[in-house]
Amino acid sequence: MKLNISEINKIIACPGCRAPMPLIESQDAVCSLCQSSYPWLAHTWNLIPSSWKESSDLWPAWEQLQANGVVSYRKDPQNNLNVGKRQVSIDFSNFCRFDGLVLDVGCGPQAWPSHFASGAEGTRFVGVDPLVGGSEADYTQFCALGEYLPFRDGVFDHVVFATSLDHFVDPLPVLLEARRVCGENGEIGLWVGEKSANTPKPANSPEWYSQLKKPEGAEDVFHFKRLSAADSDRLIDRAGLRIVAREVHEVDQYRSNYFYRLQVTSAT
Ligand SMILES: C[S@@+](CC[C@H](N)C(=O)[O-])C[C@H]1O[C@@H](n2cnc3c(N)ncnc32)[C@H](O)[C@@H]1O
Ligand SMILES: [Zn+2]
């Protein structure tokens with residue numbers, strides 16, 4: 001079930017200055033503190049601050065990776081998004097033990113991600129992704145960036161990253177944003193797909209895949225840098241998070257899915 005506008009207004013904040021910013025359905029929003037404006041799209045608001053590109057020189061390359069991602073989500077959604085009934089998504093959903101209000105960062109453009117399969121009674125889902133807003137979804141979505149979450153501090157019971165953490169320009173500031181919006185006893189659920197460097201290339205690639213361009217500095221046509229389990233462990237530590245549960249689901253000799261449940265450490 002979607003959040004109604006008064007529920008939305010209890011959690012939303014200007015992604016630029018973080019002041020509370022009441023939204024009105026179907027209308028552009030303006031922050032009364034910093035005067036930034038956020039247009040209404042066909043189905044939600046575009047809450048990406050206008051200064052988003054100032055934080056890094058890597059955004060143009062990210063735009064190319066995103067454009068490549070969009071092609072893969074259209075041409076082959078089953079292999080590039082969590083859509084439909086997938087056992088690994090159900091496993092991740094069960095692993096996360098969702099309850100209360102759940103934020104999915106990099107939720108994808110699909111109407112209902114497969115990893116929303118389970119949760120305690122009354123669990124509600126919210127998603128952010130720069131690709132949403134043009135089509136109807138079955139839960140509350142905002143067009144936004146993980147680097148600039150449009151929410152007040154501590155409003156979510158769970159924040160989740162399902163195969164999205166290796167799509168950011170730099171995952172650390174995004175994890176710190178997740179930490180900020182996660183409640184005191186909340187948890188961050190993380191799913192990282194590890195693929196070893198010596199994974200054999202498929203004998204045949206589809207035509208659409210061969211057309212994708214790898215931007216300079218990127219590891220492949222979808223990622224700046226794929227995360228290994230060791231990279232993930234280091235990032236978690238640097239973000240001041242502690243692992244409360246971890247599962248490894250081996251796909252084959254080259255690929256494994258790592259699931260983490262994380263909590264904020266009191267030291268940071
Ligand atoms: C592999 S897809 C995973 C989508 C979804 N979580 C799922 O499991 O199906 C990676 C997603 O990360 C999103 N993404 C990339 N950069 C982002 C950013 N800076 N902020 C939020 N989402 C981002 C992409 O738009 C894409 O939808
Ligand atoms: Zn503002």
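Biologist: Which residues of the largest nonpolar core touch the most other members?

Modeller: This is a predicted model, and its largest nonpolar core holds 52 residues. The elements that give two or more residues to this core are H4, S3, S4, S6, H5, S7 and S9. In soluble globular proteins, nonpolar side chains tend to be buried together. The members that touch the most others are Val102, Leu103, Ala144, Val159, Ala178, Val181 and Leu190.

Biologist: Leaving aside its neighbours within four places in sequence, with which residues is Val181 in contact?

Modeller: Val181 is one of the buried residues of helix H5, which spans residues 171–181, and the buried residues of that helix pack against S3, S6, S7, H7, S8 and S9. With neighbours within four places in sequence set aside, the contacts of Val181 are Leu103, Leu149, Phe151, Asp153, Gly154, Val155, Phe156 and Val159.

Biologist: Why is strand S3 largely enclosed by the rest of the structure?

Modeller: One face of S3 carries Leu101, Leu103 and Val105, while Val102 and Asp104 lie on the other, and all of these residues are buried. Strand S3, residues 101–105, is therefore largely enclosed because the number of its five residues that are buried is five.

Biologist: Which residue of S4 is the bridge partner of Leu103?

Modeller: S3 pairs with strand S4, residues 124–128, in the parallel sense over five bridges, and within this pairing Val105 stands opposite Val128. S4 is itself mostly covered, with four of its five residues buried. The bridge partner of Leu103 in S4 is Val126.

Biologist: Which residue of S6 does Leu103 stand opposite?

Modeller: S3 also pairs with S6, again in the parallel sense, and here the pairing runs over three bridges. In S6, the residue opposite Leu103 is Val159.

Biologist: Within what arc do the buried residues of H4 fall?

Modeller: In helix H4, residues 87–96, the buried positions are Ser89, Phe92, Ser93 and Cys96. Seen down the helix axis, they line one face of H4, because they fall within an arc of 100°.

Biologist: Which strands are included in what covers the buried residues of H4?

Modeller: Just after H4, Arg97 takes a positive phi of about 55°. As for the buried residues of the helix, what covers them includes strands S6 (156–162), S7 (182–195) and S9 (255–264).

Biologist: Is Ser72 buried, exposed or partly exposed?

Modeller: Ser72 lies in helix H2, which covers residues 59–75. A residue counts as buried at 20 or more other C-beta atoms within 10 Å and as exposed at 12 or fewer. Ser72 has 18 such atoms within 10 Å, so Ser72 is partly exposed.

Biologist: Which residues are the closest to ligand 1?

Modeller: The shell around ligand 1 consists of 21 residues, and by class it has 10 nonpolar, nine polar and two charged residues. The closest of them are Asn82, Gly106, Gly108, Gly146 and Ala162.

Note on methods
Residues numbered from 1 in each chain as written. Chains lettered and ligands numbered in written order. Predicted model: local features only at pLDDT ≥ 70, side-chain atom pairs only at ≥ 80, totals over all residues. Near = placed C-beta within 6 Å. Nonpolar A, V, L, I, M, F, W, Y, C, P; charged D, E, K, R; others polar. Arc of directions from axis to C-beta. Contact = placed C-beta atoms within 7 Å. Pairing = 2+ DSSP bridges. Core = buried A, V, L, I, M, F, W, Y, C linked by C-beta atoms within 7 Å.
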